[in-house]
Amino acid sequence: MQKSPSTSSLGPGGLDLSHIFFKPIHATPPPSLTKRNTKISVIGTGNVGMAIAQTILTQDLADELALVDAKSDKLHGEMLDLQHAAAFLPRTKIMASTDYSVTRGSDLCIVTAGARSLPGESRLNLLQRNAKLFEMIIPPLVQFSPDSILMIVSNPVDVLTYIAWKISGFPSNRVIGSGTNLDSSRFRFLIADHLDVNAQDVQAYIVGEHGDSSVALWSSISVSGVPILHFLQKEQISYEKETLEKIHKQVVDSADEVISLKGYTSWAIGYSAANLAFSILRDQRKIHPVSVLAKGFYGIDGGDVFLSLPALLGRGGVLGVTNVHLTEEEAGRLRDSAKTLMELQTQLGLGNK
């Protein structure tokens, strides 16, 4: 006869009622050792970090979610706020700590933490401060999750992804920057808006730097498999290059517009990062324009540099870079974008191999 629970079943949080509600099934084998949970850690619980965390939860991407931030009170409040929504979400264990040990055993570590620019501060000085911050963030992530994949979202994302790679010692396929995945989404939206079609039917990439020197790959744009520029030429429909450049400029200026209106960006980058996490952790083998080690691709040489290229993503991280056809002009602009980033790395004293 089963004994009723004694006072020993009292835990620090109160009664352990599991013995009352659930009776054990006897003579059952132990759980398979091949079964394991999926764990994601988000470093930085600002507007971007919490948008990513919230999207991860609603899309049921992880069994465990760990949050890390230097501000303990805000961090604890954010954790409680998410935990209180448990009845409306897929079951996920949510943890938070200022101690990086909470990230132990993560499959994916998403870094959103970064120093904010000061009034009148140069881009170079901001980068130097963020580089020092990464020297404190990356080593403990490597220590507690040596087999994880690092996803860098902090800006400027390309150089910080390069810094994370150098500090971590991880193979390049396991260090990814969110890059132009969101830029490309904005690009697809604007093209879809011009053509009055669903953005999901538009295939279009922004590559290169996540910034002013990004490159719009007009030659490879298609809608439901129909190459747009080739279609316009075949139908003898004229278009002006200035119109194309105007759309690209809208993409580049999109983040600044949102920031000027609401003070920060959050939801779109949240969906973008979760979109990448899904492709990686569910081994979807989907192509995303993300910041990867670009040396040796599309004529980029002269040093190690991370910038966005259409990359195949899966459980191993970056599985390969897509051989997209570029025009000579597009390839030249991409190489110029790489040079811009390498020059910035040189100014930071990072050097190149």
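Predicted model: local features only at pLDDT ≥ 70, side-chain atom pairs only at ≥ 80, totals over all residues.
**First stop: helix H3**

Begin by selecting residues 72-83, which form helix H3, a run of 12 residues that reaches 16 Å from its first C-alpha to its last, close to the 16 Å expected at 1.5 Å a residue. Now show the side chains of Leu75, Met79 and Leu82, which are the buried residues of H3. If you turn the view until you look down the axis of H3, you will find that these buried residues fall within an arc of 70°, and so they line one face of the helix.

**Second stop: the nonpolar cores**

Next, select Ile40, Phe134, Ile137, Ile138 and Leu141, the residues with the most contacts inside the largest nonpolar core, which has 83 residues. Helix H4 (residues 123-144) gives the largest share of this core, namely 8 residues. Keep Ile40 selected and bring up the residues that it touches beyond four places away in sequence, among them Ile56, Leu65, Leu108, Ile110 and Leu281.

Move on to Asn181, Ser184, Ser185, Arg186 and Arg188, which lie nearest the centre of the second largest pocket, out of the 32 residues that line it. The space in this second largest pocket is about 750 Å³. To see which elements give two or more residues to its lining, colour helix H6 (181-195), strand S9 (202-203), helix H8 (241-262), helix H9 (267-281) and strand S14 (286-293). The largest share of the lining, 8 residues, comes from H6.

**Last stop: Ser222**

Finally, select Ser222, which you will find in strand S12 (residues 222-223). Is Ser222 buried or exposed? Its relative accessible area is 9%, and because that lies under the 20% cut-off, Ser222 counts as buried. Leaving aside neighbours within four places in sequence, show Asp201, Val202, Gln203, Pro227 and Ile228, with which Ser222 is in contact.

Key: Residues numbered from 1 in each chain as written. Heavy atoms only, no water. Helix = DSSP H or I, 4+ residues; strand = E, 2+ residues; numbered from the N terminus. Expected span 1.5 Å × (residues − 1). Buried < 20%, exposed > 50% of the residue type's maximum accessible area, 1.4 Å probe, protein only. Arc of directions from axis to C-beta. Core = buried A, V, L, I, M, F, W, Y, C linked by side-chain atoms within 4.5 Å. Contact = heavy atoms within 4.5 Å. 1 Å grid on protein atoms, 1.4 Å probe; cavity = no way out; pocket = protein on both sides within 12 Å on 5 of 7 lines; lining within 4 Å. Points joined across faces, edges and corners; volume = space filled by probe spheres on them.
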